[in-house]
Amino acid sequence: MASIRPLLAGQGQPQRESKGEEEEETRDWAALPMDALLAVLGRLGGVDILMGAGHVCRQWRRATREEPELWRRIDMRRRAGLAYDVDLEAAACATVRRSAGRCEAFLAEDSAGAGLGYDDDFFLFLADAAPMLKSLRLISCNRVDPHMINQTIRKFPLLEELELSLYHRGSIDDCLDGVSEACPLMTRLRLNHDRFYYFRPILIGGCECKSAEIARMHGLRSLQLFGNSISNEELAAILDGCQQLQSLDIRHCFNVLMDDEMWSRCATVNTLRLPEDSMEDYDLQYDSPVRDSVYYSDAMY
């Protein structure tokens, strides 16, 4: 059987010539025990499994189609080099169906203008097909209406982690409405923008932080609000309501002034990232902040 090493380690690897390497290249990968095979496949993203590993041989194809355990955590990020005409929504539907209702974590990343992405219909499907979901992470899913996102989130009562990053289709307020009551187990929340604006216009997701709704997530332990125009008063309300908070990241939230009162409120937070802190470990794209109150015209975006 042909080697699958290029699929797992990347294309263009140099040929190895030692005897040991040659024996490894001719190993019968189809004979892997199922637990070992699932461990290998579990290290790949959903797109890589559907478009690569699932076609290696009959046993691998059967495992990707008949083992719901493989799809408990689904990662549908658009990887570099993926053709723009790949239908991510169709691929995501396939992975969720294969989970047979056991999916606990779903991560989707869309790209504006990059092929076929996620729309409202997909999230209607996800809300019904993944009742056990505990983690929902959505990055750049700007083809989806905020009310549909809200309707979807509220159907996951077991949800513990939620991310809405780089979203500017509409208001984050609308996405979060009623979520604290519908998802009482929430412990981790990420609401990240691509840049900070002194005042965020409606046309790029204005009124972006529903501080009152976040403050009602009393079990929250980790909160990231990158590039948010939240004020001291709004942040204070969140800290008062989320007294179990252990990690707070407000990098590029330049409307927050770390005065004595705010330092006092943050005293119980174990990990605190401040507006001016380094971005070295930040994992999403971002642009330079707009720190002045200026007029924004539609032509700018």
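Exposed residues have over 50% relative accessible area and buried ones under 20%, with partly exposed in between (1.4 Å probe, protein chains only). The model shown is predicted, so local features need pLDDT of at least 70 and side-chain atom pairs count only at pLDDT 80 or more, while totals for chains, interfaces and linings use all residues. Residues are numbered from 1 along each chain as its sequence is written, and side-chain values use heavy atoms, with hydrogens and water left out.

**View 1. Arg 273 and Asp 281 meet through their side chains in a salt bridge, at 3.1 Å from N to O.** A salt bridge here is a side-chain nitrogen of Lys or Arg within 4 Å of a carboxyl oxygen of Asp or Glu. Asp 281 is exposed because its relative accessible area is 51%, whereas Arg 273, at 21%, counts as partly exposed. Through shared partners, salt bridges join Asp 249, Arg 251, Arg 273, Asp 277 and Asp 281 into one network. Within this view, Arg 251 also forms a salt bridge with Asp 249, the closest N and O atoms being 2.7 Å apart, and both Arg 251 and Asp 249 are buried.

**View 2. A salt bridge connects Asp 283 with Arg 190, their closest N and O atoms lying 3.0 Å apart.** This pair links distant parts of the chain, 93 residues apart, with Asp 283 in the segment after strand S8 (271-273) and Arg 190 in strand S5 (residues 188-192); strands (E, at least two residues) and helices (H or I, at least four) are DSSP runs, numbered from the N terminus. Asp 283 is exposed, with a relative accessible area of 51%, but Arg 190 is buried, with a relative accessible area of 7%. The structure holds 14 salt bridges.

**View 3. Glu 161, in strand S4 (residues 161-165), counts as buried at 18% relative accessibility.** Its side chain makes a polar contact with the side chain of Ser 135 at 2.6 Å, where a polar contact is a pair of N or O atoms within 3.5 Å; within protein, one must be able to donate a hydrogen and the other to accept it, and residues adjacent in sequence count only if both atoms are side-chain atoms. Leaving aside residues up to four places away in sequence, Glu 161 touches residues including Lys 134, Leu 136, Met 186 and Arg 188, contact meaning heavy atoms within 4.5 Å.
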